[in-house]
Amino acid sequence: MSERQPFGKRPWWLAAKIAVIAIVVGFVWRTLLDAWSQLGQYPWEFQGQWIAVAAVSYVLALLPPSLFWYAALRSLGQRPSFWEALRAYYIGHLGKYVPGKAMVIVLRAGMIRSSRVDTGVAAASVFLESLTWVSVGAVLAVGYLLTTVARHEPVFWLSLGVMVATGIPTLPPIFSRLAKMAGVGKRDPEVVEKLHRLGFGTTLLGWVLMALGWVLMGLANWSTFRAMGLPAGGGMVEIPRFIAAASLAIVVGFAAIFAPGGVGIREAVLAQVMIPYLRQFTAQAEVVAWGAALVFRLVSVVSELAVSGMLYAVGLARAKPSDQRSHPL
């Protein structure tokens, strides 16, 4: 009698994963084409070196959140390798371009599941990481809006609401209760015990790492504007403005669940925040702000596709030797 084929290597499971990847790539590609068609309407002269800085900064901005996700999984009693968590995190980001954003959870939890990682706990940890990322971004956005006239606008109250709504569930006692209410650990009492292992130390670590991630995201935003040929203005002193603009745009885009990847919403918010600042440099502040917002979208999508493709290919290459050892000719 032949050995039973491992779950992850069954033909139907492989077909399902390929179908999911195809759907995700399709939505991402559509997002890319839409952004490019709009960008083509403006006569820009890009500076390649700043585009490269923006792309590298964007990829690095996702590294601190991935470290927090890995730390959260370990705190919850899971034992993935750092490589497994890093690969699942970056590739899982592509799921946000599918309407509803649930595909992020499906991709990440599906890629990291193993005998060392419970699927339910992995899914719950994705919620924890995502909410922490957004809540820290909302804090930065609210702090910026408090110092501007925009605090009287609805977007301020939206950011404040997102900050509260996403921040409270990340507190360890509340998170463990919500996870149990969602059915995590229903069939395994040990999983429930692992949920209680999450402490405030992990939460604090998350806030520090997320803040670092947002700083790098702001740097990516600033580099995008430099790539458009815009003057440096106040130089690096202006970075906090770009951090706040990027965080506000991404947070509001996250809140707009109906918009895949916050497409359209993120660009609108980013442009509106930057227009008053750009008026000191150009009479076409609106055009420049929208153009830069679209470039930022293109940089983020292309960067995510590139790093995800590389990580997926490396993962396949690493898996082949183990498969050959398991099934010698």
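1. Among contacts in the chain between residues at least 6 apart in sequence, 74% join residues at least 24 apart; a contact means heavy atoms within 4.5 Å. This is a predicted model, in which local features need pLDDT of at least 70 and side-chain atom pairs count only at pLDDT 80 or more, while totals for chains, interfaces and linings use all residues. Residues are numbered from 1 along each chain as its sequence is written, and side-chain values use heavy atoms, with hydrogens and water left out.

2. The secondary structure of the chain comes to 13 helices and zero strands. Helices (H or I, at least four residues) and strands (E, at least two) are DSSP runs, numbered from the N terminus. Of the 329 residues in the chain, 49% are buried; buried means under 20% relative accessible area, exposed over 50%, and partly exposed in between, with a 1.4 Å probe and protein chains only.

3. Helix α10 (residues 200-227) and α11 have axes that come within 7 Å and cross at roughly 105°, and therefore α10 is roughly perpendicular to α11. Axes are lines fitted to C-alpha atoms, for helices over the stretch in contact, and angles run from 0 to 180 degrees between N-to-C directions. Angles under 35 degrees count as roughly parallel, over 145 as roughly antiparallel, 65 to 115 as roughly perpendicular and the rest as oblique.

4. The residues of α10 that meet α11 include Trp-214, Leu-219, Trp-222 and Phe-225. On the side of α11, Phe-242, Ile-243, Ala-246 and Ile-250 are among them. By class, the contact of α10 with α11 has 12 nonpolar, three polar and no charged residues. Here Ala, Val, Leu, Ile, Met, Phe, Trp, Tyr, Cys and Pro count as nonpolar, Asp, Glu, Lys and Arg as charged, and the others, Gly among them, as polar.

5. The second largest pocket has a volume of about 670 Å³. Of the 30 residues that line this pocket, the closest to its centre are Lys-96, Lys-101, Ser-130, Val-134 and Phe-254. Two or more lining residues come from each of α5 (102-112), α6 (119-145), α7 (154-167) and α11 (239-255), and α6 gives the most, with seven residues. The lining has 18 nonpolar, seven polar and five charged residues.

6. On a 1 Å grid over the protein atoms alone, a cavity is a set of points where a 1.4 Å probe fits but cannot get out, and a pocket is an open set with protein on both sides within 12 Å along at least five of seven lines; lining residues have an atom within 4 Å of a point. Grid points are joined across faces, edges and corners, and a volume is the space filled by probe spheres set on the points.

7. A search of the whole structure finds two cavities of 30 Å³ or more. The second largest cavity has a volume of about 30 Å³, and its lining includes Phe-68, Leu-128, Thr-202 and Trp-207. The largest share of that lining, three residues, comes from α10. By class, the lining of this cavity has four nonpolar, four polar and no charged residues.

8. Two individual residues may be inspected. Arg-108, in helix α5, is buried, with a relative accessible area of 2%. Not counting residues up to four places away in sequence, Arg-108 touches Trp-69, His-93, Glu-129 and Ser-130, among others. Val-287 lies in helix α13 (residues 285-326) and counts as partly exposed because its relative accessibility is 32%.
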